[in-house]
Amino acid sequence: MNFVERLLGKRSSAETAKQRLQLVLVHDRAEIPPGVLALIKDDIVAVISQRVNIDREQVVVSVTHEDQASRLVVDIPLLSGSDGRAPGRSLNNAPRSSRRTPSASS
Amino acid sequence: MEEKVITVTSGKGGVGKTTTTANVGAALALLGRKVVVLDGDIGLRNLDIVMGLENRIVYDVVDYVEGRCRLRQALIRDKRASELYLLPTAQTRDKTAIAPEQMVQVCDELRKEFDYIIIDSPAGIERGFQNAVAPADRVLVVTNPEVSSVRDADRVIGLVESYGKGPVQLIINRLVAARVRRQEMLSTQDIIDVLSTEIIGIVPEDEAILASSNRGTPVVFNGKSPAAIAYRDIARRLIGENVPLAQPQTTSWWQRLLGRTE
């Protein structure tokens, strides 16, 4: 990596190698191919958004690996009522569900 | 338990298992230990040629397992050290010629006579690898500072641990300090961060290695090449000496300008 590349803030190939390795090893160790996580994410988004209003773009599904144990971590940001829509508003699009789970909007 | 049987493995091929086995085995013998190096790569044997003993093979470990010779007849003495022996494997058979239990039996026989039995594992994670790991008291995983090799090392470390043979120790082979400094090669710390495994040696890239395999003379026998020093250090750590891990030295442009080396 030369001086100019560093000056331009370009990431070194060693750094890229390390990050790629860390990512791929998480999947290797958990025995879950990265593409499967994308499918899991789609499924979760579909199920959760039937009942609560979530920020679909910000949902993160990842696998972590600590001390021999793998963990599937799902981070789903809820859309608050800040834009004038309460989390429960979307339930109006699914009337049958909302009637079965009135507590979801409270 | 005394750790006599040491298996050298890697997952990926071509990272330096055979060179490591030959040099660590020879270095242990030069430290006065009675050592046998055992080729675990049935069908693709190479430990013999790397050690320069290929012309002396009459019997091999498969002949012994199948009852065609006594163990002593298959052992080849390397006269460059006082007590160094090679137990070659068969070249015209496949990995299924020996079962893991038979490898354990062979090593149990060798344990009676030797201080150390160093097994050169084949690449891969199939039968040959399982044969090589089955009798191990200690497993050394060789990796290069390169993504495919590190990834395979991680897989192998997981397998070795699942066989109850952990914790493994890592040898980083063919490190080029100048390229690490330019951040175009994974550093020792990068590899530790990724694999969370103890390091037992760092072997720098060294032109002397090719010349040594050309000649069939492991580098530890003659010379002070950087790799020879690194292999001797590994042998000393294996016998329990406290040898600090030396980071391969590098020189920066201004040090070269001043004619200074660290």
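**View 1. Ser196(B), an exposed residue in a loop of chain B.** Start with Ser196(B), which has 12 C-beta neighbours inside 10 Å and therefore counts as exposed, since the cut-off for that is 12 or fewer. Keep in mind that this is a predicted model. Ser196(B) sits in the loop that links α9 to β8 (198-204) of chain B. Its backbone is worth a look too: phi is near 45 degrees, a positive value in a residue that isn't glycine.

**View 2. Glu31(A), a positive phi in chain A.** Over in chain A, Glu31(A) has phi near 55 degrees, again a positive value in a residue other than glycine. You'll find Glu31(A) in the loop between α2 (13-30) and α3 (34-48) of chain A.

**View 3. The cis peptide bond at Pro167(B).** Zoom in on the link from Gly166(B) to Pro167(B): this peptide bond is cis, and its omega is near -5 degrees. Pro167(B) belongs to the loop between α7 and β7 (169-175) of chain B.

**View 4. Strand β1 of chain B, covered on both faces.** How many of the residues of β1(B) are buried? For this strand, residues 5-9, the count is 5 of 5, so to speak a mostly covered strand. Both faces are covered. On one side you have Val5(B), Thr7(B) and Thr9(B), on the other Ile6(B) and Val8(B), and all of them are buried.

**View 5. The strands that pair with β1(B).** Which way do β1(B) and β5 (residues 116-120) of chain B run relative to each other? They pair in the parallel sense, over 4 bridges. β1(B) is also joined to β6 (residues 138-143) of chain B, and that pair runs parallel through 4 bridges as well. Thr7(B) makes a handy landmark here: its bridge partner in β5(B) is Ile119(B), while in β6(B) it stands opposite Val139(B). Thr7(B) is also one of the buried residues of β1(B).

**View 6. Where chain B touches chain A.** Here 14 residues of chain B are in contact with 14 residues of chain A. On the chain B side, the elements that give two or more residues are α7 (147-162) and α9 (188-195). The largest share, 6 residues, comes from α7(B). Sorted by class, this side of chain B has 5 nonpolar, 3 polar and 6 charged residues.

**View 7. Chain A on its own.** Chain A has 4 helices and 2 strands. Reading from the N terminus, the order is α-α-α-β-β-α. Buried residues come to 7% of the 106 residues in chain A. Of the chain A contacts with a separation of 6 or more, 46% join residues 24 or more positions apart.

**View 8. Chain B on its own.** Chain B has 12 helices and 8 strands. Its radius of gyration is 18 Å, close to the 18 Å the globule rule gives for 262 residues, so chain B is as compact as a globular protein of that length. Along the principal axes, its C-alpha atoms fill a box of roughly 65 × 40 × 35 Å. Of the 262 residues, 49% count as buried. Among the chain B contacts with a separation of 6 or more, 75% are between residues 24 or more positions apart.

Note on methods:
Residues are numbered from 1 along each chain as its sequence is written. Chains are lettered from A and ligands numbered from 1 in the order in which they are written. This is a predicted model: local features need pLDDT of at least 70, side-chain atom pairs count only at pLDDT 80 or more; totals for chains, interfaces and linings use all residues. Two residues are in contact if their C-beta atoms, placed from the backbone, lie within 7 Å. Ala, Val, Leu, Ile, Met, Phe, Trp, Tyr, Cys and Pro count as nonpolar, Asp, Glu, Lys and Arg as charged, and the others, Gly among them, as polar. A residue is buried if 20 or more other C-beta atoms lie within 10 Å of its own, exposed if 12 or fewer, and partly exposed in between; C-beta atoms are placed from the backbone. The radius of gyration is taken over C-alpha atoms; the globule rule is 2.2 Å times the number of residues to the power 0.38. Two strands pair if DSSP finds at least two bridges between them.
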